[in-house]
Amino acid sequence: MNDATTTALSPETVLQHMKQNGVTDVVWLPDSETNWLYMLMQAEPSLRLIGVTREGHACSIAAGLHAGGRKPLILIQNTGMMESGDSIRGWLLGMNVPVVLMVGYRGWTRHGVNADTAATYTERFLMAFGINYYLVESDADASRITVAFEEAARTQRPVVVLVGDEYHGFNR
Amino acid sequence: MMHTAELLQAFAAHRGDAIVVPGRGGRHWVKLTAHETLDVPLGDPAMGGHAGFALGLAIAQPNRRVVLFDSEGDILMSLGMLATIAEQAPPNFYHFLLDNECYATTGGQPVPNASNVAYDTVARGAGYPRAFAFTELTDFTTNLPGILAQPGPVFVALKVLPEVENEPIGRRSRWNTRSRDKVVQDLRGELGLPSLASKSAL
């Protein structure tokens, strides 16, 4: 949850960036940041939704989709991202998969005082893996989503978008 | 129990133009294949992921049969993947499981409940419409053409003899003749997809 309640990150904006960047498949596991986005994605005929039961599965699926010519996006929560460490290493970094991971930033606060260790370790985890990331809290930040897609394509590496908007626009 | 090399040899005659992800059968498959650029021998990028990778390929290439030789150690790590595959239900996906009842690459320690897991039943319970199990090569080879004639997703559990490795990993002979980058580039070239910028694996 962020502290900037005046504006929210709308699911429509996120979906627009997905379409703008040619996403074909969303490999995902539900989290509390993305319920409204899920409903919009379901209604979007250009997207295939691939639900997983553990976030690490999303990495190998994305690697296969990419090898076969598709453009996947991974949509998970920070807790699941941390669970997925070895799959991120082997299937995304090891296979040079230029995928964007939109990661719900559970526990995020702007002031840094949080009561959730999921937030405490999120950015440290990404730094340890050498994965670049962008924080998106509101529609005003949404252009960073496209920046992440462009960087992934340029570097042939995964790039993370941290979604710091729990219980706002995504969960009306 | 079957020898992995023998069952792969039996499969090779029916491979056609399928994409083959040989998984832990890779060391044998690289010697048997007649269409290397449609093979995706990746070694072991991260345990438990071969089924997901092959699912992604099957979705991406719906007009091409995708054949995976998974292992029971891998699938036990990712049982939920069976539900994902069953839900996506790619009709071009053929999921073979090499079940040697142990972790052969770490010395042959048994997997949990090694002899008592009915993987075909697990797959059917997860939603695969068709699942089979074979312990003898003659049964497998007799039924293989009929299995491959059915739409996927199909699951086939195969009991195989363990090929245990006790050498330290650094001293083992490497069977892969191509890097992972080269494997993917070759496949994409064969499929008419654009080439990717090459990078070294981390």
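Reader: Chain B first. What share of its 202 residues is buried?
Author: Buried residues are 42% of the 202 in chain B. Keep in mind that this is a predicted model.

Reader: How big is chain B along its principal axes?
Author: The C-alpha trace of chain B spans about 45 × 40 × 30 Å.

Reader: Why does a radius of gyration of 16 Å agree with a compact globule?
Author: Because a compact globule of 202 residues would have a radius of gyration near 17 Å, and chain B has 16 Å.

Reader: How many helices and strands are in chain B?
Author: Chain B has eight helices and seven strands.

Reader: In what order do the strands of the open sheet in chain B run?
Author: The order is β1-β2-β3-β7-β6 in chain B, five strands with parallel pairing. The edges are β1 (19–21) and β6 (130–134) of chain B, each pairing on one side only. From one strand to the next, the twist averages 15°.

Reader: Zoom in on β3 and β7 of chain B. How many bridges do they share?
Author: Six bridges, in the parallel sense, pair β3 (residues 93–99) with β7 (residues 154–159) of chain B.

Reader: Which strands does helix α7 of chain B touch?
Author: Helix α7 (residues 137–148) of chain B packs on the sheet and touches β3, β6 and β7 of chain B. Its direction makes about 165° with that of β6(B).

Reader: Where do side chains point in a regular strand?
Author: They alternate between the two faces of the sheet.

Reader: Switch to chain A. Do β5 and β6 there run parallel or antiparallel?
Author: Parallel: four bridges join β5 (residues 133–136) to β6 (residues 159–163) of chain A. L135(A) stands opposite L162(A) in β6(A).

Reader: Last topic. How many residues are in contact between chains A and B?
Author: On chain A, 28 residues are in contact with 31 residues of chain B. β2 (48–51), α3 (55–67) and α5 (85–93) of chain A each supply at least two residues of chain A's side.

Conventions
Residues numbered from 1 in each chain as written. Chains lettered and ligands numbered in written order. Predicted model: local features only at pLDDT ≥ 70, side-chain atom pairs only at ≥ 80, totals over all residues. Pairing = 2+ DSSP bridges. Rg over C-alpha atoms; globule rule 2.2 N^0.38 Å. Buried ≥ 20, exposed ≤ 12 C-beta atoms within 10 Å, placed from the backbone. Contact = placed C-beta atoms within 7 Å. Axes fitted to C-alpha atoms, helices over the stretch in contact; angles between N-to-C directions.
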